Amino acid sequence: MCRRAGSILLAIIAMTLSLYASPSLSVAASASASEIKSHFDLPAEPLDKALRDLAVQANCNISYEPSMVAGLQAPAINGEYTVERALSLLLKGTSLRAINVNARHDSNPR
C-alpha cells in the first residue's frame, strides 16, 4: 500500500484546484494523474469541510472562496475514485466547477 500511496503522491502532488461558479464541472489534469484512483471516505457534511477533507485524503491543494460554498452540503463519498471524480461528486447539484490551475507540470520553467 505504501508503494501505491507513493505513486499517487508523485502523480498529484503538484495538482492545485480552484473552484469557480459555473453550471458544470471541468477538470483538466495530466493523463497519469487523472487515471489514478484512491479510496475516499467522506461523510455527508458541509461542502467547505468536505473540500478540506478531500484535499487531505488526496494530498492535493484545493483553493476556493469560502463564501461560494457557504451553506452548501456535500454528499457522502465512499469508494475508489480519481480525485477529479470525487470532486465532481462533491460538487454535483451545485453551480460550481473545478478548474485545475496546474494541469501541466513543466520541468523547465522559463
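Visitor: What share of the contacts between residues at least 6 apart in sequence join residues at least 24 apart?

Guide: In this predicted model, that share is 80%. Glutamine 73 gives you an example: its C-alpha atom is separated by 4.9 Å from that of leucine 47, 26 residues away along the chain.

Visitor: Which residues does glutamine 73 touch, leaving aside its neighbours within four places in sequence?

Guide: Ala44, Glu45, Pro46 and Leu47. Glutamine 73 itself sits in strand 5, residues 73–74.

Visitor: What makes the meeting of glutamine 73 and glutamate 45 a polar contact?

Guide: The side chain of glutamine 73 reaches the backbone oxygen of glutamate 45 at 3.4 Å. The cut-off is within 3.5 Å, so this pair counts.

Visitor: Why is threonine 82 called buried?

Guide: Its relative accessibility is 12%, and buried means under 20%, so threonine 82 qualifies. You'll find threonine 82 in the loop between strand 6 (77–81) and helix 5 (83–91). Its side chain also reaches the backbone nitrogen of arginine 85, at 3.0 Å.

Visitor: How many of the chain's residues count as buried, as a percentage?

Guide: Of the 110 residues, 35% do. The chain exposes about 6500 Å², with carbon and sulfur atoms supplying 54% of that.

Visitor: How do you know what span to expect for helix 3?

Guide: You take 1.5 Å times one less than the number of residues. Helix 3 covers residues 47–58, which is 12 residues, and the expected value is 16 Å. From first C-alpha to last, helix 3 reaches 16 Å, so it comes out close to the expectation.

Visitor: Which residues of helix 3 are buried?

Guide: Leu47, Ala50, Leu51, Asp53, Leu54, Ala55 and Ala58. Here's a handy rule: an α-helix has 3.6 residues a turn, so residues three or four places apart point the same way. Just after helix 3, asparagine 59 takes a positive phi of about 55°.

Visitor: What makes a group of residues a nonpolar core?

Guide: Its members are buried residues of listed kinds, Leu and Phe among them, joined through side-chain atoms within 4.5 Å. The largest such core here has 21 residues, and those with the most contacts inside it are Phe40, Leu47, Leu51, Leu54 and Leu90. Strand 2 (38–42), helix 3, helix 5 and strand 7 (96–100) each supply at least two residues of this core.

Methods
Residues numbered from 1 in each chain as written. Predicted model: local features only at pLDDT ≥ 70, side-chain atom pairs only at ≥ 80, totals over all residues. Heavy atoms only, no water. Helix = DSSP H or I, 4+ residues; strand = E, 2+ residues; numbered from the N terminus. Contact = heavy atoms within 4.5 Å. Polar contact = N/O pair within 3.5 Å; in protein donor to acceptor, adjacent residues only side chain to side chain. Buried < 20%, exposed > 50% of the residue type's maximum accessible area, 1.4 Å probe, protein only. Areas by Shrake-Rupley, 256 points an atom, 1.4 Å probe, with all protein chains shown as cover.
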